[in-house]
Amino acid sequence: MASNIEWAKQKYNEQYEVWMPWIEDTFLKYFTKDNKASYSTKEQLDKTKVTGVEQVDTLQDNVHGVVAGQVGQGGLLQPVGDLVSKEGLNRTERGGKDEQGGYLPTGLPGIPGLSK
């Protein structure tokens, strides 16, 4: 019985590792103007508010939005933001693996046995 529970936990974790980054990416794409890079940038910049003055905080929020928006959807650096989101943040969430479970990009010819 315990082995069935362990097997179920393992399968759940495998599916979570595969699907959760995709779900997050899809949500951000359709419901915000962010990718993971711009969302993370905005989140980190929001931690840097130094005053309690409403006008200054509003100005900081606007500047943070502009900066993060450059790597988000429609931004000047969107390709960079998409690449960082896919190859950086998603791989970090998956323990360094890509969507296929390998450590190297699938289109990369090279050393056999290193892809998994």
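This is a predicted model: local features need pLDDT of at least 70, side-chain atom pairs count only at pLDDT 80 or more; totals for chains, interfaces and linings use all residues.
User: How far apart in space are D98 and V18?
Analyst: In sequence, 80 residues separate D98 and V18. From C-alpha to C-alpha, the distance in space is 8.8 Å.

User: Which residues make the nonpolar surface patch of about 400 Å²?
Analyst: Patch residues have over 30% relative accessible area and no salt bridge; like charges are joined within 9 Å, and nonpolar side chains (Val, Leu, Ile, Met, Phe, Trp, Tyr) within 5 Å. Accessible areas come from the Shrake-Rupley method with a 1.4 Å probe, and for residues only the protein chains shown count as cover. W22, found in helix 1, passes the area cut-off because its relative accessible area is 47%. The patch is made by V18, W19, W22 and I23.

User: How many salt bridges are there?
Analyst: A salt bridge is a side-chain nitrogen of Lys or Arg within 4 Å of a carboxyl oxygen of Asp or Glu. One of them joins D34 and K42, with the closest N and O atoms 3.3 Å apart. D34 is buried at 9% relative accessible area, whereas K42 is partly exposed at 28%. By this rule, the count is four.

User: Which helix holds both E14 and K11?
Analyst: Helices (H or I, at least four residues) and strands (E, at least two) are DSSP runs, numbered from the N terminus. The side chains of E14 and K11 form a salt bridge, 3.4 Å from N to O. E14 is partly exposed at 31% relative accessible area, and K11 is partly exposed at 34%. The two are three residues apart, about one turn, in helix 1 (residues 2–31).

User: What is the N to O distance in the salt bridge of K36 and D25?
Analyst: K36 is buried, with 6% relative accessible area, and D25 is partly exposed, with 26%. Their side chains meet in a salt bridge with an N to O distance of 3.7 Å.

User: What span does helix 3 (residues 54–69) reach from its first C-alpha to its last?
Analyst: The expected span of a helix is 1.5 Å times one less than its number of residues. Helix 3 has 16 residues, for which 22 Å is expected. The model comes close to that, with a span of 22 Å.

User: Why do the buried residues of helix 3 lie on the same side, and what is their arc?
Analyst: The buried residues are D57, Q60, H64 and A68. The arc is that of the directions from the helix axis to the C-beta atoms. They lie on the same side of helix 3 because they cover an arc of only 65 degrees.

User: Which helix is included in what covers the buried residues of helix 3?
Analyst: On the other side of helix 3, Q55, L59 and V66 are exposed. Contact means heavy atoms within 4.5 Å. What covers the buried residues includes helix 2 (36–46).

Note on methods: Residues are numbered from 1 along each chain as its sequence is written. Side-chain values use heavy atoms; hydrogens and water are left out. Buried means under 20% relative accessible area, exposed over 50%, partly exposed in between (1.4 Å probe, protein chains only).
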